[in-house]
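My notebook is open, and I have a few things to look up here. Come along as I go through them.

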Amino acid sequence: SSALARPLPQLTGRRSMSLEHISGVAAPAITIALFASPLKIAQEIREKKSTLQYSSLPYVTMGCNCLLWVNYGILYNMNFSIILPNAVGLALAVTTLGIFLTHAGPEARPAVVKHCGVAAVASLATLAYFNGVAVPAKAVEQLGLAASGMCVAMFASPLATLQEVLAKKDASSLPLPFIAMSVVNCSAWLTYGLCISNPYIIVPNGMGLALSVVQLALCIMFRKTKP
């Protein structure tokens, strides 16, 4: 979640407070639903015993995103509203990637292993820096910025197969459940961010919404119809 990077200011006005309250309550719940969305594709992979046309990159970036936000929540006064949903997301990402590794064929496995290995090294190096090297007074803010950047990368990651989608005019490689939930998730957080005028929420979720809408449009335009 890119949502909770700074103490949130209060907003006056009955309508704004109502919208702030609704979006503020809905957004964390929607975030957990977003993190659970890969389970549908994971089930399909298990049933077919193949990773099919799917890329592991969205779930690698999801795991990195959640890991950074869990650490951010720990440094940010043990904020469990940040820690808990992202801990759930991290567990679901690891589960999904385990299924990818189990059922990846000879051609797909090297890419999955590469994605996981690079992500693991980069994430551990980042966490080591922020927990041991960075100036403590600035570590929380810097980690929040890094996590926000990873959040945008997560929303952009389904476009890893864009060339294949355009060449074949087939969107089967795009993870539709993840993309659809990204649209809903970013919309909720963007609404909340606008209510409280928090750029740490507005910017990554605005970018995430734009990226997710593009991906959803591709899914609609190049939907594979059954004969």
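**Loops, then a helix pair**

I started at K169, which I found in the loop between α7 (162-168) and α8 (176-196). Helices here are DSSP runs of H or I with at least four residues, numbered from the N terminus. I noted a positive phi of about 50° for K169, although it is not a glycine. K169 counts as exposed because its relative accessibility is 57%; exposed means over 50%, buried under 20% and partly exposed in between, with a 1.4 Å probe and protein chains only.

A word on the source: this is a predicted model, where local features need pLDDT of at least 70, side-chain atom pairs count only at pLDDT 80 or more, and totals for chains, interfaces and linings use all residues. Residues are numbered from 1 along each chain as its sequence is written, and side-chain values use heavy atoms, leaving out hydrogens and water.

Next I looked up L52, in the loop between α2 (38-48) and α3 (57-75). L52 is not a glycine, yet has a positive phi of about 55°. Its relative accessibility is 34%, so L52 counts as partly exposed.

Then I turned to helix packing. How are α4 and α5 oriented to each other? I read an angle of about 150° between α4 (residues 80-103) and α5 (residues 109-132), with their axes 9 Å apart. The two are therefore roughly antiparallel (angles over 145 degrees).

Last, I listed the contact (heavy atoms within 4.5 Å): L97, F100, L101 and T102 in α4 meet R109, V112, V113 and C116 in α5. By class, I noted 6 nonpolar, 1 polar and 1 charged residues there.

Definitions and conventions:
Axes are lines fitted to C-alpha atoms, for helices over the stretch in contact, and angles run from 0 to 180 degrees between N-to-C directions. Angles under 35 degrees count as roughly parallel, over 145 as roughly antiparallel, 65 to 115 as roughly perpendicular and the rest as oblique. Ala, Val, Leu, Ile, Met, Phe, Trp, Tyr, Cys and Pro count as nonpolar, Asp, Glu, Lys and Arg as charged, and the others, Gly among them, as polar.
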